[in-house]
Amino acid sequence: MKMKSYDLIVIGGGPAGITLAKKLGSKMNMAVIRPEDHSMIYCAMPYVIEDLIPIEKTFKKDELVTDAKADLIRGYVEDIDFDMKNVKLGDGTQLKYEKLIIATGAKPFIPPIKGYDLNGVLSFKTEGDLLALKDFTKEKEGLKHAVIIGAGAIGIELAQALKSANTEVSLIDMEKSILPSLIDPEMAELPTENLIKKGIHIILDSKVTELSGSGYVKYVHLNNGKVIKFDNLDECSVEGNRKLNRIVVFAVGMTPDISFIKDKKLEIGKGGICVNEKIETSMEDVYACGDCVEFKSGITGKVVPGKLATNAVPMAKVLARNLMGEDYRYPGFFNGAATKVYDYFIGGTGLTEIEAKKSGFKTVIGYAELMTQFPIMPEAKKLNIKLIANSETGIIIGGQIVSGEPVTGKIDLLTYAIQNRSTIKDLAKLSYSAQPFQSFFPAANAVVLAAEDILNKI
């Protein structure tokens with residue numbers, strides 16, 4: 001049987017793979033290999049738990065790939081022969097390529113602590129994870145208690161979703177505040193109070209050292225000697241018909257999904273496949289982008305985590321342009337991101353103050369507090385902003401917002417400023433708009449006021 005050949009094969013059907021198909025599918029003989037039944041909108045998974053949307057709404061259409069004239073191949077990649085330019089699938093199928101892109105994303109990391117393999121220990125990333133949690137919450141007696149390890153965006157959004165399903169929720173993090181990679185401790189105070197007010201137990205500055213029980217998790221042991229006990233709940237039978245009524249969910253980070261790569265000639269770092277600014281790997285005609293790669297900060301130039309769809313898509317666009325003969329460079333991760341904690345919309349970009357100091361920057365900080373609308377309007381809500389600048393150059397290196405209304409537009413503005421190495425003086429001169437339902441009074445703008453706060457200090 002003749003081996004099928006392609007100009008380009010993409011392994012992975014997530015945001016990067018779909019973007020590449022859209023850009024290149026009509027220009028090359030191209031295939032996208034995806035093992036999952038569906039490409040999912042992972043950040044919408046908590047809202048399925050809350051019954052805000054059905055699970056089907058999180059499935060991306062296969063037509064995003066096939067309508068772009070790329071072949072969609074369902075299967076697992078078992079191995080790659082880089083010398084022969086050959087991809088082998090789990091069912092024995094072999095495919096030939098001229099150029100190969102690895103865009104397999106990342107999978108949840110569950111630390112190998114004692115008891116990690118007990119029943120009731122889950123991650124939260126895949127369709128299988130979502131279906132398992134959904135089943136637990138839909139049981140007659142419901143899911144009684146969930147311990148979520150990791151108070152980043154995923155952990156917090158899941159905590160809110162499970163609480164809405166009448167589950168007792170304990171949220172644990174080893175850092176001293178929630179959302180530690182997004183906002184600094186003082187900006188986290190209002191969202192933390194909101195979580196506690198809604199009945200979520202917050203346990204910070206604590207590390208889970210062991211899970212114990214017989215067959216299923218019964219105790220969660222912390223490094224400070226405290227133990228979270230599930231034994232006030234009814235016993236559940238692993239062998240019987242009853243479902244588990246208590247779970248532990250790890251939301252502590254992601255690891256690149258590249259275990260199928262056995263050839264040591266491809267350079268791989270701790271954070272994933274190593275690529276340069278043109279998204280090229282160490283091997284000719286082999287590229288990688290998205291969550292499976294290791295790359296640098298656009299601010300410090302040092303390797304940093306960047307496993308966000310909003311990084312994967314622009315990386316894929318840079319790569320697509322380069323494969324079409326243009327000369328584009330990816331500037332690095334700025335990691336603009338946002339989440340929601342009950343009444344608060346939260347966003348951050350660039351470096352937090354804590355990260356900036358760890359990276360050796362001398363910093364100066366500016367704050368502003370305004371309303372999201374003219375204060376005379378009936379639905380005006382508070383907006384708090386923090387700017388971080390390099391005190392030696394005045395260049396903006398970070399920004400954070402906590403608001404009663406969506407913040408992504410303002411976070412994107414701050415990211416743009418950071419990308420272009422804008423200074424505090426540049427931001428203080430920002431020309432802005434105003435309208436009663438959409439901004440504070442024309443006399444003041446939160447970004448400008450925070451910049452002026454810094455200018456007053458320096």
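Just after helix α6, Gly199 takes a positive phi of about 95 degrees.

User: Before we go further, what kind of model is this, and how are its residues numbered?

Analyst: This is a predicted model, in which local features need pLDDT of at least 70 and side-chain atom pairs count only at pLDDT 80 or more, while totals for chains, interfaces and linings use all residues. Residues are numbered from 1 along each chain as its sequence is written, and side-chain values use heavy atoms, with hydrogens and water left out.

User: How should I read a helix such as α6, and which of its residues are buried?

Analyst: An α-helix has 3.6 residues a turn, so residues three or four places apart point the same way. Helices here are DSSP runs (H or I, at least four residues) and strands likewise (E, at least two), numbered from the N terminus; buried means under 20% relative accessible area, exposed over 50%, and partly exposed in between, with a 1.4 Å probe and protein chains only. In α6, which spans residues 189-197, Pro191, Thr192, Asn194 and Leu195 are buried. They lie on the same side of α6, because they cover an arc of only 160 degrees around the axis, the arc being that of the directions from the helix axis to the C-beta atoms.

User: What covers the buried residues of α6?

Analyst: The covering elements, judged by contact (heavy atoms within 4.5 Å), include α5 (153-164), β13 (201-203), β24 (337-341), β25 (344-350) and β28 (396-403).

User: Which parts of the chain does the pair Glu353 and Lys386 link?

Analyst: Glu353 forms a salt bridge with Lys386, with the closest N and O atoms 2.7 Å apart. The pair links distant parts of the chain, since Glu353 is in helix α8 (residues 353-358) and Lys386 in strand β27 (residues 382-390), 33 residues apart. Glu353 counts as buried at 16% relative accessibility, and Lys386 is buried with a relative accessible area of 0%. Both residues also belong to a network of salt bridges that links Asp184, Glu186, Glu353, Lys357 and Lys386.

Methods: A salt bridge is a side-chain nitrogen of Lys or Arg within 4 Å of a carboxyl oxygen of Asp or Glu.
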